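Have a look at what comes up next, then we'll talk it through.

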Amino acid sequence: MSPAGPLPPNGADITMDLINIFIFTDDGRLVEEFVRTDYRSFLRQLGAEGR
């Protein structure tokens with residue numbers, strides 16, 4: 001179930017747009033990760049109606 005309600009399969013290709021930002025210490029250890037995902041665009045590709 002999507003946040004927009006049920007969405008039937010449409011057979012279309014989709015593009016998932018996201019950005020990952022990683023923060024490392026000087027010795028190479030991962031200490032933070034930020035993720036930005038464009039769910040609005042993703043849901044539109046699946047056929048969800050916008051407001």
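Here are some questions and answers about what you see.

This is a predicted model, where local features need pLDDT of at least 70, side-chain atom pairs count only at pLDDT 80 or more, and totals for chains, interfaces and linings use all residues. Residues are numbered from 1 along each chain as its sequence is written, and side-chain values use heavy atoms, with hydrogens and water left out.

Q: Which pattern does the protein follow along the sequence?
A: Helices (H or I, at least four residues) and strands (E, at least two) are DSSP runs, numbered from the N terminus. The protein has 1 helix and 2 strands. Read along the sequence, the pattern is β-β-α.

Q: Why is the protein called more spread out than a compact globule?
A: The radius of gyration is taken over C-alpha atoms, and the globule rule is 2.2 Å times the number of residues to the power 0.38. For 51 residues that rule gives 10 Å, so the protein counts as more spread out, with a radius of gyration well over that, at 16 Å.

Q: What share of the 51 residues is buried?
A: Buried means under 20% relative accessible area, exposed over 50%, and partly exposed in between (1.4 Å probe, protein chains only). By that cut-off, the buried share of the protein is 8%.

Q: Where is Phe22 found, and which residues does Phe22 touch?
A: Phe22 sits in strand β1, residues 18–24, and is partly exposed, with a relative accessible area of 40%. Contact means heavy atoms within 4.5 Å. Not counting residues up to four places away in sequence, Phe22 touches Leu30, Glu32 and Glu33.

Q: Is the pair of rings of Phe22 and Phe24 stacked, edge-to-face or tilted?
A: Rings of Phe, Tyr and Trp (its six-membered ring) pair if their centres lie within 6.5 Å; planes under 30 degrees apart count as stacked, over 60 as edge-to-face and the rest as tilted. The count by this rule is 1 aromatic pair. The ring centres of Phe22 and Phe24 are 6.3 Å apart and their planes are at 35°, so the pair is tilted.

Q: What separates the C-alpha atoms of Asp38 and Asp17?
A: You'll find Asp38 in the loop between β2 (30–37) and α1 (39–45). Asp38 is partly exposed, with a relative accessible area of 22%. Asp17 is 21 residues apart from Asp38 along the chain, and their C-alpha atoms are separated by 5.7 Å.
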